[in-house]
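Please look at the sequence and the structure before reading on.

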Amino acid sequence: MIITRPRDWARIRANLDEIGAKKVFIMGCGECATMSHTGGQPEVLQAKVALEQQGREVTGWSVGDVACHSGGQRLEVRKHHGEIESADAVLVLACGAGVQTMADAVDKPVFPGLESVFLGNVVRHGQFEERCQMCGDCVLDRTAGICPVTTCPKGLLNGPCGGMWMGKCEVLTDRECVHVRIRRRLAEQGRAKTAAPLPPKDYSKKLKPGQLDLRDRALGHEKADTGTGSDS
Ligand code: SF4
Ligand code: SF4
């Protein structure tokens, strides 16, 4: 899921002041932002209070199913047509994808109410960890299911680095070095001897912007999910 955190209210306020927005509609997200406790109903209602304390009118609010779903978002916009029409701006408590979906769906200035920070594993309720940066060229088959790109703070494919000390990471000193974990797990699985160093990653496989059309797959065209972007 996409992990978000609240955006600095001073920036939101500045965005609204810049266009002289007195009336605001608030859109949340019923999926990731609800799970992150940043854009569900409680947070939308908190934002409503905050805006009202600034002297603005909240014309309405909604928490649809998934803010980044174009069809679902358009449906939500239709349900709240009048409330959105009477607003000067829309504040979206969702990830950047959700903000852009809303910006495509309405003819109003749309502003982000959250910061999108990472693709997160749910470790337990309310606790998330970044395990994958969606590089488009996965090495987990060679690293015993532990991603060095994401979980090594330096993103080293072949480690440990010179700063590793007694098996601990030099950056996140309370954690074991990722490469120590990888080597141990490979050894436990009897794969240590066959584990050759990984070649430099081909970041051209990273799609920017990512696109996938499953209809192309049905027709046997795989080009849609092989990247052509660059990492510059
Ligand atoms: S190697 Fe790439 S795709 Fe695989 S887990 Fe790491 S970041 Fe994600
Ligand atoms: S000690 Fe290990 S995990 Fe930490 S930065 Fe160096 S190689 Fe990466």
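A nonpolar core is a set of buried Ala, Val, Leu, Ile, Met, Phe, Trp, Tyr and Cys residues joined through C-beta atoms within 7 Å. A residue is buried if 20 or more other C-beta atoms, placed from the backbone, lie within 10 Å of its own. The model is predicted: local features need pLDDT of at least 70, side-chain atom pairs count only at pLDDT 80 or more, and totals for chains, interfaces and linings use all residues. Residues are numbered from 1 along each chain as its sequence is written, and chains are lettered from A and ligands numbered from 1 in the order in which they are written.

**Nonpolar cores**
- The largest nonpolar core contains 40 residues, and Val 24, Ile 26, Val 90, Leu 91, Val 92 and Leu 93 have the most contacts inside it.
- Strand E2 (residues 23-29) supplies the largest share of this core, five residues; a strand is a DSSP run (E) of at least two residues, numbered from the N terminus.
- Another core, of five residues, lies apart from it and includes Cys 169, Cys 177, Val 178 and Ile 182.

**Domains**
- An automatic or database assignment divides the protein into domain 1 (2-118) and domain 2 (135-199).
- The centres of domain 1 and domain 2, taken over C-alpha atoms, are 40 Å apart.

**Ligand surroundings**
- Ligand 1 has around it (C-beta atom, placed from the backbone, within 6 Å) residues including Cys 132, Cys 135, Cys 138 and Cys 147.
- Of the 15 residues around ligand 2, Cys 152, Gly 159, Cys 161, Cys 169 and Cys 177 come nearest.

Technical notes: Buried ≥ 20, exposed ≤ 12 C-beta atoms within 10 Å, placed from the backbone. Helix = DSSP H or I, 4+ residues; strand = E, 2+ residues; numbered from the N terminus.
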